[in-house]
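The following exercises are to be worked through with the sequence and the predicted model side by side. Each task is followed by a solution in steps.

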Amino acid sequence: MHAVGEARQTLVHPTALVAPGARLGQGVVIGPWCSVGPNVVVDDGVELISHVVVDGHTHLGAHSRYFPFCTVGMAPQDLKYKGEPTRCEVGARTVVREHATIHRGTATGSGITRVGQDVLIMANAHVAHDCVLGDRVIIVNNVVMGGHVTIGNDARIMGSAAIHQFVRIGHAALVGGVAGVEADVIPYGSVLGNRARLIGLHWIWLRRNGVQSAEIHRMRKAFFTLYPKVSGDASFQVRLEQVRQECSSDVRIQEILNFIDAPSHRGLVRPARGGAADQAETEGA
């Protein structure tokens with residue numbers, strides 16, 4: 001790292017404000033009318049295109065890009081926050097589009113908001129305090145999330161979805177557009193609606209990522225054992241134990257079971273009944 005005045009191969013536009021103490025790597029581009037706070041660390045190859053504000057104890061990963069009017073590391077929208085030196089981290093090669101906001105953590109939470117590598121956050125999205133986004137996550141336009149949300153690797157959150165605080169979104173899950181998500185979404189799960197309901201697994205992601213048909217069929221069987229279209233006499237715990245016994249060697253099914261077993265503030269999203277579940281079965285066939 002180099003101090004601002006010593007940064008090699010780094011371009012800072014004359015209208016940009018880079019505070020003393022900010023650390024800029026090599027090949028950084030700070031465009032017109034940007035503002036970088038004194039506790040910000042900017043790794044090599046980062047680009048702030050224009051009118052970007054980065055503040056707080058914030059770390060921008062290498063080769064990440066920030067589009068006009070987005071803000072990163074600003075104070076959280078939490079009335080309990082009293083200016084503590086909490087943090088914000090954004091991973092390498094992540095792209096943050098126009099007007100998106102990423103707030104730093106809180107002292108009463110984990111103390112850090114973390115966005116992973118190769119993430120795309122589209123325009124007008126909001127990542128609240130103490131949220132954790134995994135790698136390769138896609139957040140589409142106008143998505144809003146409350147504090148302490150956790151989103152697993154490869155998840156897709158479609159446009160204008162709203163995610164309640166403390167909700168967990170599992171690995172490679174899909175949240176449909178304009179969904180209101182009040183509870184946890186299992187790994188590979190697909191949810192739609194207001195309020196969001198589980199309609200199946202994220203079959204398209206599974207196929208596109210090389211999961212073989214035989215494994216997809218085993219996952220489909222496990223899903224409909226856990227969430228049958230027609231409710232029977234067996235409780236969810238009984239169905240859960242049945243899947244545990246039948247699928248002990250399936251890594252992805254075990255991932256779902258481990259997610260269900262983990263502590264939760266919000267519980268699990270309820271399954272859809274009727275048409276949505278029928279559609280999910282067809283897509284998974």
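**Exercise 1.** Determine how many salt bridges the model contains, and describe the one that R93 forms.

*Solution.* With a side-chain nitrogen of Lys or Arg required within 4 Å of a carboxyl oxygen of Asp or Glu, the count comes to 13 salt bridges in this predicted model. R93 is paired with D118, and their closest N and O atoms are 2.7 Å apart. The two residues come from distant parts of the chain, R93 from the loop between β13 and β14 and D118 from the loop between β16 and β17, 25 residues apart. R93, at 42% relative accessibility, counts as partly exposed, and D118, at 33%, also counts as partly exposed.

**Exercise 2.** Characterise the packing of helix α2 against helix α3.

*Solution.* Helix α2 (residues 213–226) and helix α3 (residues 236–246) pack at an angle of about 160°, their axes lying 8 Å apart. Since angles over 145 degrees count as roughly antiparallel, α2 is roughly antiparallel to α3. Among the residues making the contact are A222 and L226 of α2 and F236 and L240 of α3; the contact residues divide into five nonpolar, two polar and three charged.

Conventions: Residues numbered from 1 in each chain as written. Predicted model: local features only at pLDDT ≥ 70, side-chain atom pairs only at ≥ 80, totals over all residues. Heavy atoms only, no water. Axes fitted to C-alpha atoms, helices over the stretch in contact; angles between N-to-C directions. Helix = DSSP H or I, 4+ residues; strand = E, 2+ residues; numbered from the N terminus. Parallel < 35°, antiparallel > 145°, perpendicular 65-115°, else oblique. Contact = heavy atoms within 4.5 Å. Nonpolar A, V, L, I, M, F, W, Y, C, P; charged D, E, K, R; others polar. Buried < 20%, exposed > 50% of the residue type's maximum accessible area, 1.4 Å probe, protein only.
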